[in-house]
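Please find below a note on the model shown here. The points are numbered so that each can be checked against the structure.

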Amino acid sequence: MSNRTFTMIKPDATSKGYTGAILDQIIKSGFSIKALKWTKLTPAQAGEFYAVHKERPFYGELVDYMSSGPIIAAILEKDNAVADFRKLIGATNPAQAEEGTIRKKFATSIAENAVHGSDSDENAMIEGDFFFSKLERF
Ligand code: GDP
């Protein structure tokens, strides 16, 4: 059972002013913040972060979107963090996300879906390391 995951609040959500409400829902759902950053990805950095999706038809759109504005990056801690966080954010497509999930409440479309959540313990570690040094996590 993992106890850490990695998240981003994506550019559509930060630009609409949802940052505070999303962080509040995350904390009230039992996750504690171990690292937090307000930043903006360059297209090259977004391309590297999502390299696993390079062959997908939407890769170019995804890179443009994720480098289009500021994001929040965070490492979160909770028992069963990866699975519980995926449940809290809901399905990739907000139209299919359960009522009350972050994507249901704050996402616009399958592309602009408000938040990222790691899909495995291994990726949570890789993604956290992408954004944070040892000095930036507590
Ligand atoms: P996730 O793990 O739920 O984030 O979903 P995926 O790993 O399948 O996709 C990664 C991200 O790519 C999603 O969160 C969306 O931002 C984006 N994405 C997924 N499907 C599509 C699509 O059909 N079109 C576009 N433009 N973006 C997509």
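**Notes on helix packing, ligand surroundings and aromatic pairs**

1. Helix H5 (residues 81–89) has as its buried residues Ala 81, Val 82, Phe 85, Leu 88 and Ile 89. Their directions span an arc of only 125 degrees around the axis, which places them on the same side of H5. Buried means under 20% relative accessible area, exposed means over 50%, and partly exposed lies in between (1.4 Å probe, protein chains only). The arc is taken from the directions that run from the helix axis to the C-beta atoms. Helices (H or I, at least four residues) and strands (E, at least two) are DSSP runs, numbered from the N terminus.

2. The model is predicted: local features need pLDDT of at least 70, side-chain atom pairs count only at pLDDT 80 or more, and totals for chains, interfaces and linings use all residues. Residues are numbered from 1 along each chain as its sequence is written, and side-chain values use heavy atoms, with hydrogens and water left out.

3. The cover over the buried residues of H5 includes S1, helix H2 (19–28), S3, helix H6 (102–106), strand S4 (115–117) and helix H7 (121–131). Contact here means heavy atoms within 4.5 Å. After H5 comes Gly 90, which has a positive phi, near 90 degrees.

4. Strand S1 contains Thr 5, which is buried, with a relative accessible area of 1%. Residues up to four places away in sequence aside, Thr 5 touches Ala 74, Ile 75, Leu 76, Ala 81, Val 82, Phe 85, Ser 118 and Ala 124. Among the buried residues of H5 are Ala 81, Val 82 and Phe 85.

5. The loop between H5 and H6 holds Gly 100. Gly 100 counts as partly exposed, at 40% relative accessibility. From C-alpha to C-alpha, Gly 100 and Leu 88 are 8.3 Å apart in space, and they are 12 residues apart in sequence. Neighbours within four places in sequence aside, Gly 100 is in contact with Gln 25 and Lys 105.

6. In helix H4 (residues 59–66), the residues Tyr 59, Leu 62, Val 63, Tyr 65 and Met 66 are buried. They cover an arc of only 165 degrees around the axis, and this puts them on the same side of H4. The face turned away from that buried side carries Glu 61 and Asp 64, which are exposed. Strand S1 (4–9), helix H1 (11–15), helix H3 (43–49) and strand S3 (71–77) are included in what covers the buried residues of H4.

7. Which residues surround the ligand? They are Lys 10, His 53, Arg 56, Phe 58, Glu 61, Leu 62, Arg 86, Thr 92, Arg 103, Ile 110, Ala 111 and Asn 113.

8. In the side chain of Glu 61, an N or O atom is 2.7 Å from a nitrogen atom of the ligand. For Thr 92, the distance from a side-chain N or O atom to an oxygen atom of the ligand is 2.5 Å. For Asn 113, the corresponding distance to an oxygen atom of the ligand is 2.8 Å. The protein covers 82% of the 550 Å² of accessible area that the ligand has on its own; accessible areas come from the Shrake-Rupley method with a 1.4 Å probe, and for residues only the protein chains shown count as cover.

9. In H7, the buried residues are Ala 124, Glu 127, Gly 128 and Phe 131. Viewed down the axis of H7, they fall within an arc of 100 degrees, so they line one face of the helix. Glu 122 and Met 125, on the other side of H7, are exposed. The cover over the buried residues of H7 includes S1, strand S2 (32–39), H3, S3, H5 and S4.

10. The structure holds nine aromatic pairs. In one of them, the rings of Phe 49 and Phe 130 have centres 5.4 Å apart and planes at 80 degrees, so this pair is edge-to-face. Phe 49 lies in helix H3 and Phe 130 in helix H7, so the pair ties together parts that are 81 residues apart in sequence. Phe 49 counts as buried, at 10% relative accessibility, whereas Phe 130 counts as partly exposed, at 29%. Rings of Phe, Tyr and Trp (its six-membered ring) pair if their centres lie within 6.5 Å; planes under 30 degrees apart count as stacked, over 60 as edge-to-face and the rest as tilted.

11. The rings of Phe 131 and Phe 132 have centres 6.4 Å apart and planes at 45 degrees, so this pair is tilted. Phe 131 and Phe 132 are both buried. Ring pairs link Phe 6, Phe 49, Tyr 50, Phe 130, Phe 131 and Phe 132 into a cluster.

Notes:
Near = heavy atom within 4 Å. Polar contact = N/O pair within 3.5 Å; in protein donor to acceptor, adjacent residues only side chain to side chain.
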